[in-house]
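Okay, thanks everyone, let me get this up on the screen. I'll go from the ligands to the domains and then out to the chain interface.

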Amino acid sequence: MSSVPLKPGAEAVAGKGWLLAHKWLILRRSSQVGILLLFLVGPWFGLWIVKGNLNYSYTLGVLPLTDPYLLLQSLLTFKLPETLALVGAAIIILFYLLVGGRSYCAWTCPVNLVTDISSALRRRFGLKGGAHLSRSTRFWMLGMTLVVSLLTGTIAWEMFNPVSMLHRGLIFGMGFAWMVIVAVFLFDLFVMRSGWCGHLCPVGAFYSLIGRVSVLRVQLPGRAACNDCMDCFAVCPEPQVIRPALKAINGAPALIFDAQCTNCGRCIDVCSKDVFAFGPRFTIPVSAQSIVGGTAQAVPK
Amino acid sequence: MTTVTQSKAPVGNTARRQFIADTSRMACGVGLLGLGLGLYARHATALPPAAIRPPGALPEDRFSSACIRCGMCVRDCPYDILHLARPEEPMSTGTPYFIARQAPCEMCEDIPCVKACPTTALDHSLKEINKAKMGLAVVVDHETCLNFLGLRCDICYRVCPVIDKAITLDPQTNVRTGRHTLFIPVVHSEHCTGCGKCEKACPTEVAAIKVFPLYMAKGQLSSHYRLGWVEKEKAGGSLVAPEIEHRYNMPEGMKYEHGKGLSVVPPGEAAAPGAVPPAPTFKALQGNKL
Ligand code: SF4
Ligand code: SF4
Ligand code: SF4
Ligand code: SF4
């Protein structure tokens with residue numbers, strides 16, 4: 001990755017203008033902050049649109065939403081929740097089956113705001129390297145939290161989960177939760193690129209399981225036009241997901257099937273050649289198929 | 001020998017070894033983390049004595065695994081008494097509690113906190129708030145409770161929503177003055193809901209009556225214990241056969257009569273056959289003779 005550009009996206013800004021080169025980023029930040037605000041206007045201004053937090057919330061007295069990963073841990077301790085919590089979990093699973101499993105990470109999770117700042121600072125100051133850890137560690141973490149829940153009869157990950165600590169902290173009072181958040185921030189900044197969200201977080205790992213079969217994907221209709229500027233690799237929190245689709249490795253179709261793609265859309269923004277676009281998993285862009293001949297029609301494994 | 005074999009091993013072999021080493025390292029790391037998390041999770045299921053759970057809460061070990069830390073109960077409490085535990089507080093992070101001395105449960109008739117709970121952490125079968133068992137009030141300090149000191153404070157008794165059932169004032173002789181009565185506050189676990197209004201209202205600097213989680217406040221008799229008077233009532237009469245005459249083992253020359261107590265048998269009065277032994281002197285009481 002020695003050729004990673006220092007100012008990714010500069011070309012795109014020059015080509016299509018600042019706004020278009022930040023379109024998905026702006027939308028994504030609006031979504032992250034907007035969701036937080038929906039939760040906050042209640043305690044701040046007494047405007048109760050949403051009650052609760054990301055673990056479970058109740059919107060306008062009609063819409064229950066439950067974090068399925070949390071509910072799974074609770075189920076492993078042999079506790080059945082009330083109906084609303086089950087309905088809420090079903091709604092969340094269905095929703096992310098549509099928009100992409102780890103869309104949760106990019107569009108909803110408040111910790112992403114923190115780790116994105118780490119990533120941005122890393123790029124800005126050219127911080128490189130750090131500890132090495134396999135990206136599959138998160139699945140070990142996921143398994144571990146489930147086993148510990150089962151063995152100890154507790155909702156194990158809730159003891160440490162930075163996601164719910166930050167979200168609950170902002171809404172119900174932070175306490176010392178900020179320490180956990182600062183730890184995650186520093187870890188990502190100095191120890192490992194995308195260390196938390198990209199390697200360790202079991203919440204992301206759980207949602208990526210939904211992402212294996214989810215509908216909305218990043219397609220690469222213009223992959224023939226790629227000029228190897230590496231901008232997409234520089235901004236992508238999971239750069240390993242791009243290569244197979246961009247370079248048609250083993251005849252891979254022009255569509256990112258890797259469940260770790262967060263659907264953040266940043267690659268779409270920074271690409272000056274408009275290689276990327278959002279689209280459903282069922283339609284593989286035709287223009288891209290032609291460049292690698294018949295092999296591109298290969299069905300995703 | 002081994003070193004030689006290793007250095008000649010094909011590249012694929014080395015890569016595989018590297019992979020196995022990496023994987024085991026990661027597994028060990030995550031395993032250790034899991035161990036720490038598990039131990040921490042077990043510790044965190046303890047409940048500090050001042051923290052009282054909302055009405056209908058399951059017993060502590062089951063509560064902290066059923067509660068999904070959503071805070072719906074906190075939101076729907078009209079008196080805003082509930083808080084979600086913060087990470088630095090010595091209990092399961094994110095679970096709801098209140099501190100009676102700060103703000104007690106107002107015992108809402110419709111129990112909105114329970115209704116709001118999306119899980120079984122708060123038992124939805126609790127329909128009457130008077131049946132709640134959030135904790136148990138205990139008069140912890142007999143040295144500072146004003147009623148124990150002989151005053152008529154009575155505040156805990158007056159504020160109790162279940163007055164005369166959950167808490168009563170039991171008259172006792174004030175042995176210090178010899179002629180006054182102490183009105184001792186006594187809490188009855190059968191009716192106390194653990195709302196904490198008494199603790200909140202106690203006017204002493206530190207409350208003399210406090211609410212504790214049930215497991216902490218309640219004692220238990222051994223299972224073979226029977227209360228004589230209860231058994232008597234159940235049996236509809238004395239369980240001791242009345243025709244058996246009770247014999248007292250009296251010092252010589254003494255007799256005992258019910259209602260009168262111990263007295264010296266007057267000289268000349270014959271002891272009833274089989275009753276008190278006859279005729280000693282007063283000196284027998286000195287204990288200088290076996
Ligand atoms: S591939 Fe694109 S959308 Fe997916 S995570 Fe990377 S930058 Fe985001
Ligand atoms: S009964 Fe009422 S006052 Fe007591 S905790 Fe529930 S909502 Fe709050
Ligand atoms: S509403 Fe129920 S699940 Fe939610 S925090 Fe309160 S007790 Fe826990
Ligand atoms: S906690 Fe105190 S006020 Fe509440 S029911 Fe029990 S004795 Fe009464």
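So, ligand 3 first: there are 14 residues around it, and the ones that come nearest are Cys67(B), Cys70(B), Gly71(B), Cys73(B) and Cys117(B). "Around" here means a residue with a heavy atom within 4 Å of the molecule. Before I go on, the ground rules: this is a predicted model, where local features need pLDDT of at least 70 and side-chain atom pairs count only at pLDDT 80 or more, while totals for chains, interfaces and linings use all residues. Residues count from 1 along each chain as its sequence is written, chains are lettered from A and ligands numbered from 1 in the order written, and side-chain values use heavy atoms, with hydrogens and water left out.

Back to the ligand 3 shell: by class, that's eleven nonpolar, two polar and one charged. For the classes, Ala, Val, Leu, Ile, Met, Phe, Trp, Tyr, Cys and Pro are nonpolar, Asp, Glu, Lys and Arg are charged, and the others, Gly among them, are polar.

On to the domains. Chain B has domain 1 at 48-133 and domain 2 at 135-217, with bounds from an automatic or database domain assignment. The contact between them, meaning heavy atoms within 4.5 Å, takes 16 residues from domain 1 of chain B and 24 from domain 2 of chain B. Together the two bury about 1500 Å², 57% of it on carbon and sulfur atoms; that's the accessible area (1.4 Å probe) lost on putting two parts together, summed over both. And here's Met107(B) again: with Arg101(B) and Lys133(B), it supplies 45% of the area domain 1 of chain B buries against domain 2 of chain B, more than any other three residues.

Chain A puts in 42 residues and chain B 39, and the buried area is about 3400 Å², with 71% from carbon and sulfur atoms. The rule finds one salt bridge across it: Lys51(A) with Asp76(B), closest N and O atoms 2.7 Å apart. On the chain A side, strand 1 (50-53), strand 2 (56-59), helix 3 (68-76), helix 7 (137-152) and helix 8 (162-172) each supply at least two residues. These are DSSP runs numbered from the N terminus, helices being H or I with at least four residues and strands E with at least two. Helix 7 of chain A gives the most, six residues. By class, that side has 23 nonpolar, 14 polar and five charged.

Last one. Over all chains there are 15 salt bridges, including Arg102(A) to Glu238(A) at 2.7 Å, N to O. Arg102(A) is in the loop between helix 4 (83-99) and helix 5 (103-108) of chain A, and Glu238(A) in the loop between helix 12 (231-235) and helix 13 (242-246) of chain A, so the pair ties together parts 136 residues apart in sequence. Okay, that's me done.

Key
A salt bridge is a side-chain nitrogen of Lys or Arg within 4 Å of a carboxyl oxygen of Asp or Glu.
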